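Dear colleague,

Please find below the structure that I am handing over to you. My notes on what was found in it follow directly after.

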Amino acid sequence: MDPKLTEISQLFERFKAATVRNEFETCTRFLSQLKVLLTEYKSLPPLFQNTPNAIRELTIARDIYEHAVVLAVKMEDQDAFERDFFQLKPYYTDARGRLPPSAQEYPILGLNLLRLLVQNRIAEFHTELELLSPSALDNPCIQHAVELEQSFMEGAYHRVLSARQSVPDATYVYFMDLLAKTVRDEIAGCSEKAYDCLSSSDARQMLLFSSDQELLEYVREVPAK
């Protein structure tokens, strides 16, 4: 193997090990080093030159950016997610004919759709959907995001809150929790206008909390007016 590829591969393994241990500072340092090393390869976007090790270089670069996206979710860093996703995206589009499919492609594409929904970037959400192939649209990860958007737009908030229990991938939980907070805020705002008073049991059922403790914690987090 090319000595540079060996160096990247070894550093990538250290990065993945640090990710498993949730050593985020170490992960961030390793990721920065990996990105610098990747800039030396002309086989990668945007050049896509047909170098002797192009396929191997493209594959490991795609793997690195996929792990970077997952790391951003674990760190709850939406800005980093967006940066790393757009660095990853050409490997799913422009390099599609040169690389075998990645098992992480549809989970990550669905994760990005969920991020756009959480950020209320609905126009971009639909733009991304239009770029997907029919087979992608049939994937459970993509369907999950599409169904969430439909429920959200219809005001079917209980369906949105219930969807957390059936996420297609563990990485979705972070954005689902953010979306649940948005939905509960919307329900609470409507309830405040519709009811003079509401029992704790009714409020818990309406907001789809499983216990009074969860309801109390939510109430404590609501800013005082």
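Of the contacts in the chain with a separation of 6 or more, 61% join residues 24 or more positions apart; contact here means heavy atoms within 4.5 Å. Please note that this is a predicted model, in which local features need pLDDT of at least 70 and side-chain atom pairs count only at pLDDT 80 or more, while totals for chains, interfaces and linings use all residues. Residues are numbered from 1 along each chain as its sequence is written, and side-chain values use heavy atoms, with hydrogens and water left out.

The chain as a whole

The secondary structure comes to 12 helices and zero strands; these elements are DSSP runs numbered from the N terminus (helices: H or I, at least four residues; strands: E, at least two). The C-alpha trace spans about 70 × 40 × 25 Å along its principal axes. Of the 225 residues in the chain, 42% are buried (buried is under 20% relative accessible area, exposed over 50%, partly exposed in between, with a 1.4 Å probe and protein chains only). The accessible surface is about 12400 Å², and carbon and sulfur atoms hold 53% of it (Shrake-Rupley method, 1.4 Å probe; for residues, only the protein chains shown count as cover).

Helices α2 and α3

Helix α2 (residues 24–38) packs with helix α3 (residues 54–74) at an angle of about 150 degrees, the axes being 11 Å apart. Axes are lines fitted to C-alpha atoms, for helices over the stretch in contact, and angles run from 0 to 180 degrees between N-to-C directions. The angle therefore makes α2 roughly antiparallel to α3 (under 35 degrees is roughly parallel, over 145 roughly antiparallel, 65 to 115 roughly perpendicular, the rest oblique). On the α2 side, the contact is made by Phe 24, Cys 27, Leu 31, Leu 34, Lys 35 and Leu 38, and on the α3 side by Ala 61, Ile 64, Tyr 65, Ala 68, Leu 71 and Lys 74.

Gln 33 is also placed in helix α2 and is partly exposed, with a relative accessible area of 34%.

The loops

Two residues in the loop between α2 and α3 deserve mention: Pro 46 and Phe 48. The peptide bond from Pro 45 to Pro 46 is cis, with omega near 5 degrees. Phe 48, although not a glycine, has a positive phi of about 55 degrees.

Glu 76 lies in the loop between α3 and α4 (78–92). Its phi is positive, near 55 degrees, in a residue other than glycine, and Glu 76 counts as exposed at 53% relative accessibility.

With kind regards
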